[in-house]
Amino acid sequence: DFNPATLADKNFYVMVHFYEPFQFTHQGASWSPSTCNLAGLRYPVRIADKSAAEEATRARISNLGLAGLAYDKAWTQAAGQIKNYFASPYTRATIDHRFDIVARWADSMDISRSRVLVGEFGVMDEGGSLGTSPEALAARDAWLHDVSSIASSRGFGWAVWGYHGEFGIVSDNSARILDPGINTALL
């Protein structure tokens with residue numbers, strides 16, 4: 001267990017990474033066996049969106065060129081992740097609860113909440129399978145807004161991951177323009 005009282009230097013920060021729900025933030029991530037085939041998941045989780053996510057995931061698996069047993073295996077694994085995703089709808093209240101746990105821990109350790117940094121959070125976009133539809137971008141923006149505003153409401157600092165690339169907050173072109181939806185969501 002971490003006990004800040006045992007530290008010689010009292011000038012420290014506690015960094016928290018936050019990517020919940022992982023199926024949403026990492027859908028289509030090639031390096032993640034549990035989410036590499038997922039597509040079309042939205043935040044906040046609404047049961048009514050399940051069939052659209054299943055359809056988008058089936059299309060992603062087909063677009064990857066998987067067929068026969070490889071398709072069946074990929075779909076079975078993805079279907080289990082989709083089932084888990086929709087089993088317990090994940091909303092702003094869920095994030096609120098998760099950050100309450102961090103706040104209570106900081107308080108119990110006598111760590112100023114200003115020394116807690118949500119130093120990494122984001123939604124995979126470029127190279128993932130979130131999609132670029134208005135609904136997909138609205139889901140990303142809603143999640144980013146909820147995480148940053150809830151962190152701020154607890155007195156935590158935050159830093160979104162990252163500037164450009166798979167979790168980037170700028171457009172994927174040479175101008176590197178801050179995405180307007182993300183700008184509104186974060187600020």
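This is a predicted model: local features need pLDDT of at least 70, side-chain atom pairs count only at pLDDT 80 or more; totals for chains, interfaces and linings use all residues.

**Note on aromatic contacts and helix packing**

1. Phenylalanine 18 is buried, at a relative accessible area of 5%.

2. Phenylalanine 18 belongs to one of the 8 aromatic pairs counted in the model. Its partner is tryptophan 143: the ring centres are 6.3 Å apart and the planes meet at 15°, so the pair is classed as stacked, the limit for that class being under 30 degrees. Because phenylalanine 18 is in strand β1 (residues 14-18) and tryptophan 143 in helix α5 (residues 134-153), the pair ties together parts 125 residues apart in sequence. Tryptophan 143 is also buried, with a relative accessibility of 0%.

3. A further aromatic pair consists of phenylalanine 24 and tyrosine 43, with 6.1 Å from centre to centre and 40° between the planes, and is described as tilted. This pair, too, links distant parts of the chain: phenylalanine 24 is in helix α1 (residues 22-25), whereas tyrosine 43 is in the loop between α1 and α2 (50-63), and the two are 19 residues apart. Phenylalanine 24 counts as buried at 0% relative accessibility, and tyrosine 43 counts as buried at 2%.

4. Which residues do ring pairs link into a cluster? The cluster is made up of Phe18, Phe99, Phe121, Trp143, Phe156 and Trp158. The stacked pair of phenylalanine 18 and tryptophan 143 therefore belongs to this cluster.

5. The charged end of arginine 58 sits over the ring of tryptophan 75, at 3.9 Å from the ring centre. Likewise, the charged end of arginine 115 sits over the ring of tyrosine 13, where the distance to the ring centre is 4.8 Å.

6. The packing of α2 against helix α3 (residues 68-87) is described by an angle of about 155° and an axis separation of 10 Å. The two helices are therefore roughly antiparallel, since angles over 145 degrees fall in that class. Their crossing is right-handed.

7. Which residues of α2 and α3 meet? On the α2 side they are Lys50, Ala53, Glu54, Thr57, Arg58, Ile61 and Ser62, and on the α3 side Tyr71, Ala74, Trp75, Ala78, Ile82 and Phe86. Arg58 and Trp75 are among these residues, and they also form the charge-over-ring arrangement noted in point 5.

Definitions and conventions
Residues are numbered from 1 along each chain as its sequence is written. Side-chain values use heavy atoms; hydrogens and water are left out. Rings of Phe, Tyr and Trp (its six-membered ring) pair if their centres lie within 6.5 Å; planes under 30 degrees apart count as stacked, over 60 as edge-to-face and the rest as tilted. Helices (H or I, at least four residues) and strands (E, at least two) are DSSP runs, numbered from the N terminus. Buried means under 20% relative accessible area, exposed over 50%, partly exposed in between (1.4 Å probe, protein chains only). A charge sits over a ring if NZ of Lys or CZ of Arg is within 6 Å of the ring centre and within 35 degrees of the ring normal. Axes are lines fitted to C-alpha atoms, for helices over the stretch in contact, and angles run from 0 to 180 degrees between N-to-C directions. Angles under 35 degrees count as roughly parallel, over 145 as roughly antiparallel, 65 to 115 as roughly perpendicular and the rest as oblique. A crossing is left-handed if the near helix is turned anticlockwise from the far one by less than a right angle, and right-handed if clockwise. Contact means heavy atoms within 4.5 Å.
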